[in-house]
Amino acid sequence: MKNVLVTGGAGFIGSALIRGLLEEPGVERIVALDNLLTGHERNLAEVNNRIEFHNADIRDLAALEHLFTDIDVVFHQAAIPSVPRSIDDPQLTHEVNINGTFNVLLAAQRRKVSRVVYAASSSAYGDTVVLPKIETLVPRPKSPYAVQKLVGEYYARTFLDNYGLATVCLRYFNVFGPRQDPASPYSGVIALFCTAALAQRAPTIFGDGEQTRDFTYVDNIVQLNLLAARSPTAPGNVYNGGVGARITLNELWSKLQELEGLDLPPRYQPGRAGDVRDSQADLGAARRDLNYDPRIDLTEGLRRTLAWYRASA
Ligand code: UD1
């Protein structure tokens, strides 16, 4: 793994991955690609002089083919996230998340990239009777976003089977941490809750707040990506990326209030369309095959995230 490229490199997860790659032995050249639709150049501010940044769009196949020259591993993080955003704008999210992913795979195959690690999503599971959710469950996507991310997995597997492109899919479970943008109504709930707590504002909870999530600090996901890029047995597989726990949104807000010494009841609004009720990762496969060991738990992750938002306010 000498030359690596991160799509969505100026995004929240992509920029964390780039920081991880800068510490990784043997990595010599890091290329970041982002169209800055949801990413920000400021996310790469202090590492900018150690990487190559290109303002490019994954819908542009020619640009990808050009940038993928001599690349060993592509970490494909670029996407338009958010379940409600995909419901509001299925066409744009389809174009980026499905057609863009197809282009990334095609360019990687044409440029003889040795591996693509793909950011898949836990949303693919939908509502399952079984918890924690294990990779062998039949997917039941509930939103355009979930379908789009799942199609990417199927394409990744198909590119391995038909063209020999080594691909690994990582199903992220509700990732949070520094640099997650809190500024959009489509932002991840922890970014919204942390900034509400720091401003001493009541957050909004959609539904009864008893839905559960496996909130995963971003450094755990960076570790998972690096392991997936190196493991000789990973290609062709799908792995959950979570911490293996789950917490309700009501509990999450209580925890944040405790950490910040607040007493602010949340406001409740009707539940969101496409929302999954419960989510928790089974980590058996990732631990067994990849040696994945998520070291940062929710409380520690929240402390670090609050500190980051406080410092960057
Ligand atoms: C989903 C996926 C996740 C994916 C992410 C991308 C599941 C289980 N998870 O996350 O894998 O990476 O999309 O965007 O499908 N909420 C509030 N108040 C708010 C905002 C959100 O109560 O102000 C609630 C939502 O209704 C939801 C929960 O918080 O129940 C989490 O929402 P969000 O952070 O948007 O992520 P998911 O949709 O769970």
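Reply: What follows describes the surroundings of the ligand and then a few other places in the chain.

The model is a predicted one. The ligand has 22 residues around it, and those that come nearest are Ser-122, Val-189, Thr-204, Arg-213 and Asp-275. Sorted by class, this shell holds 10 nonpolar, nine polar and three charged residues.

Helix H6, residues 189-198, and strand S8, residues 204-206, each give at least two residues to the shell. The largest share comes from S8, with three residues.

Some contacts can be described atom by atom. In the side chain of Ser-122, an N or O atom is 2.8 Å from an oxygen atom of the ligand. The side chain of Arg-272 likewise has an N or O atom 2.8 Å from a ligand oxygen. With Phe-206 the backbone takes part: one of its N or O atoms lies 2.8 Å from an oxygen atom of the ligand. As for cover, the ligand taken alone exposes 740 Å², and the protein buries 92% of that.

Gln-180 sits in the loop that runs between strand S7, residues 175-176, and H6. Its relative accessible area is 11%, so Gln-180 counts as buried, the cut-off being under 20%. In sequence, Gln-180 and Ile-13 are 167 residues apart, yet in space their C-alpha atoms are 7.9 Å apart.

With a relative accessible area of 19%, Thr-128 is buried by the cut-off of under 20%. A polar atom of the Thr-128 side chain lies 2.9 Å from the backbone oxygen of Val-130.

The last element to look at is helix H8, which covers residues 249-260 and has 12 residues. From first C-alpha to last, H8 reaches 16 Å, close to the 16 Å expected at 1.5 Å a residue. The buried residues of H8 are Leu-249, Asn-250, Leu-252, Trp-253, Leu-256 and Gln-257. Viewed down the axis of H8, these buried residues fall within an arc of 160°, and therefore they line one face of the helix.

Terms used: Residues numbered from 1 in each chain as written. Predicted model: local features only at pLDDT ≥ 70, side-chain atom pairs only at ≥ 80, totals over all residues. Heavy atoms only, no water. Near = heavy atom within 4 Å. Polar contact = N/O pair within 3.5 Å; in protein donor to acceptor, adjacent residues only side chain to side chain. Areas by Shrake-Rupley, 256 points an atom, 1.4 Å probe, with all protein chains shown as cover. Helix = DSSP H or I, 4+ residues; strand = E, 2+ residues; numbered from the N terminus. Nonpolar A, V, L, I, M, F, W, Y, C, P; charged D, E, K, R; others polar. Expected span 1.5 Å × (residues − 1). Buried < 20%, exposed > 50% of the residue type's maximum accessible area, 1.4 Å probe, protein only. Arc of directions from axis to C-beta.
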